[in-house]
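Here are a few exercises to work through with the model open. Try each one yourself before reading the solution.

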Amino acid sequence: MDIQGKNFIGYTLSAEGDHTFQSYIPASDSFLDDHFHRATESEVERTMALAESAFAEYAAVPAQSRAAFLIAITEEITALGDQLVERAHLETGLPIARLQGERARTINQLTQFSDLLREGSWVEASIDTALAERIPVPKPDMRKMLVPIGPVVVFGSSNFPFAYSVAGVDVGPALAAGNPVILKAHAAHPGVSDLTAQAIISAARKTNMPEGVFSMLYDDGFEVGAALVKHPVTQAVGFTGSFKGGMALHKLAQEREDPIPVYAEMGSVNPIVILPGYLEHNATELGKTLAASVSLGAGQFCTNPGLVFVTSSAGLDAFRGSYKNEIANTTSATMLTAGIYKNYNKLREEVFEQENVSKLVVSENVNAAGNQAQATIAEVSGSAFIANPKLHEEVFGPFSLLVICKDTEELLAAISHLKGQLTATLMADETEAASYPALVRQLAKISGRFIMNGVPTGVEVCPSMHHGGPFPATVDSKFTSVGRHSILRFVRPQSFQNWPDSLLPDELKNSNPLGILRLVNNMQTKDPVAI
Ligand code: NAP
């Protein structure tokens, strides 16, 4: 497929405006020849009008057909073959093997949502049959299920060109639930976005989905995204990126006449706490494990371990030595954009300018390519950390701060200063962990995913994954952006009172034609309702 460079307004390609931008290649600090057209106001209007009319039709498309649509998307993405991964490699600087893995994960995510639709219980159908004889008043027939919320605007992320972008963790569940999606392509990888959008449009055509079920608009500034969030047709927003970006969109959404939810996944420093006994017995191995996690993917993960807490105890010197050695031997890696690279170096320098912060190590091998991030570890005492909130913030990239506390009391005080996180990790054996209940409680309180003796990088896609966390990791800690429950961001519950069986959605009919698991008068069952 050729790159189109035009906005995807349903099945129509549109290039109304004069403003264009090009793909940036971070590894060579140069631009590709393709031109992408920033969407105009009238293109935004046409897109939203189409999404509104598509919603009326798409919400009524049976779950089995939506499942087939999602599978068709995976087939179209697969059919794009190497060109998709190669374009992503050019536009992001991420290694081919990592991108192949991410594409597989994206296909897996969509397949899981297709399976969910076929299985059906995700709508949480609940049926309370009428009790005409109830005293003092009869009980009405009351039935409830989850229904789609309406058109969803999704912002593609910079750091996952597949898994959190055009066919990623927001788009899959939004489409699965029955909502049209309007994608604001990330300016950092417009060519990948273009190819993926073509795959989705092709799948939509092949499975006879209503036009407008998916649209994608370009912008290399903030105007189009802001207009989409403010547009009255939009009913929810999915976002992954910076705290600043997420909060700006959240504010816009709250200022609307009818405020809407913005499910923003933002910054996280993902603290790791290593208890003294564990440090002593695993010092060298811990140095290796943490160095690999900090430097993975040039540290451009929302789960990058940005803070490591230890105590001044027996294993510390061996751990520091191993950590230092491992990081020194890593090789620099290309960052996603010139802006992200510049920001990494700026924030890293700002940390070093803080009082009592010293450099433990900076990776020594630097590639000749552009935008090369060097893995860096800084260190600070527990008391200096507690006194300086600047040190509690994320440095996006292969950076981590080692906080050396004088004892476990100071360690508890230090982690009590942390805000909400996507993850927290405890390194301890079972007996040692049980001896520090207050510390365990504190880490549990601030985290969405609580890890034991592992690293936070690597997000399993499965129903029990919670990828979210208390503010400011996300805007709403109740929701995940990964796994089947991520669909809950894009639905709302609706009750039907005293409706005739023939007019109810299939999920709520007495005969249970879809054969799904439901709650009937407080009993979980697949059986038809016996009246
Ligand atoms: P970003 O600045 O948050 O931008 C993400 C998306 O939101 C982009 O499409 C951007 O538009 C849009 N956007 C941002 N601010 C906006 C505003 N005020 N109004 C309307 N739209 C807005 O993230 P980024 O460009 O990917 O990277 C910048 C920084 O974000 C990184 O250095 C890093 O700190 C952080 N980041 C964090 C994570 C994470 O997982 N926690 C992931 C990625 C990035 P444009 O494309 O037009 O700029």
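**Exercise 1: the ligand site**

Solution. Next, look for polar contacts, meaning pairs of N or O atoms within 3.5 Å. A ligand oxygen sits 2.6 Å from a polar backbone atom of Gly 221. A ligand oxygen is also 2.6 Å from a side-chain N or O atom of Ser 242. Finally, a ligand nitrogen lies 2.9 Å from a backbone N or O atom of Met 266.

Before going on: this is a predicted model, where local features need pLDDT of at least 70, side-chain atom pairs need 80 or more, and totals for chains, interfaces and linings use all residues. Numbering runs from 1 along each chain as its sequence is written, and side-chain values use heavy atoms, without hydrogens and water.

**Exercise 2: α14 against α16**

Work out how helix α14 and helix α16 are oriented to each other.

Solution. First get the geometry: α14 (residues 408-415) and α16 (residues 437-446) pack at about 20°, axes 10 Å apart. α14 and α16 are therefore roughly parallel (angles under 35 degrees). Then check the contact (heavy atoms within 4.5 Å): Thr 408, Leu 411, Leu 412 and Ile 415 of α14 meet Ala 438, Leu 439, Gln 442 and Leu 443 of α16. Sorted by class, that contact has 6 nonpolar, 2 polar and no charged residues.

How values were computed. Polar contact = N/O pair within 3.5 Å; in protein donor to acceptor, adjacent residues only side chain to side chain. Axes fitted to C-alpha atoms, helices over the stretch in contact; angles between N-to-C directions. Helix = DSSP H or I, 4+ residues; strand = E, 2+ residues; numbered from the N terminus. Parallel < 35°, antiparallel > 145°, perpendicular 65-115°, else oblique. Nonpolar A, V, L, I, M, F, W, Y, C, P; charged D, E, K, R; others polar.
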